[in-house]
Amino acid sequence: GAIFTGRKLDRAMLDELGGWDAGFRHYVEDIDLAYRAMRAGWERWYVPAAIVRHEYAAVIDRRFISRHTWWHLRGMARFVRKHPETLARW
């Protein structure tokens, strides 16, 4: 997971970046925020050992293609449309 500035999500950072992009439905909004924070010069830390636990019953759909799959794909497509320069780095 991403930790921003060592203070979780910093309010000043959110204000500077314009907050979360409401155009993302459920997925990729965190990637978008982390990318915008990086571009704005905010310090970011990637902690691969971090674990996030949701306090509600997660939807588990064992089908390969589900509505969640489509939401994720739409989120990734939105990210690439919003930040086309990210493809140039690959």
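Reply: Rings of Phe, Tyr and Trp (its six-membered ring) pair if their centres lie within 6.5 Å; planes under 30 degrees apart are stacked, over 60 edge-to-face, the rest tilted. The model is predicted, so local features need pLDDT of at least 70 and side-chain atom pairs 80 or more, while totals for chains, interfaces and linings use all residues. Numbering starts from 1 along each chain as its sequence is written, and side-chain values use heavy atoms, without hydrogens or water.

The structure has one aromatic pair. Y35 sits in helix α2 (residues 29-39) and F79 in helix α3, 44 residues apart, so the pair links distant parts of the chain. Helices are DSSP runs (H or I, at least four residues), numbered from the N terminus. Y35 is buried at 10% relative accessible area. F79 is buried too, at 8%. Buried means under 20%, exposed over 50%, partly exposed in between (1.4 Å probe, protein chains only).

Another ring, that of F24, has R78 over its face, 5.1 Å from the ring centre. The cut-offs are CZ of Arg or NZ of Lys within 6 Å of the centre and within 35 degrees of the normal.

Helix α3 spans residues 67-82 and includes L73. L73 is partly exposed, at 44%.

Technical notes
Helix = DSSP H or I, 4+ residues; strand = E, 2+ residues; numbered from the N terminus.
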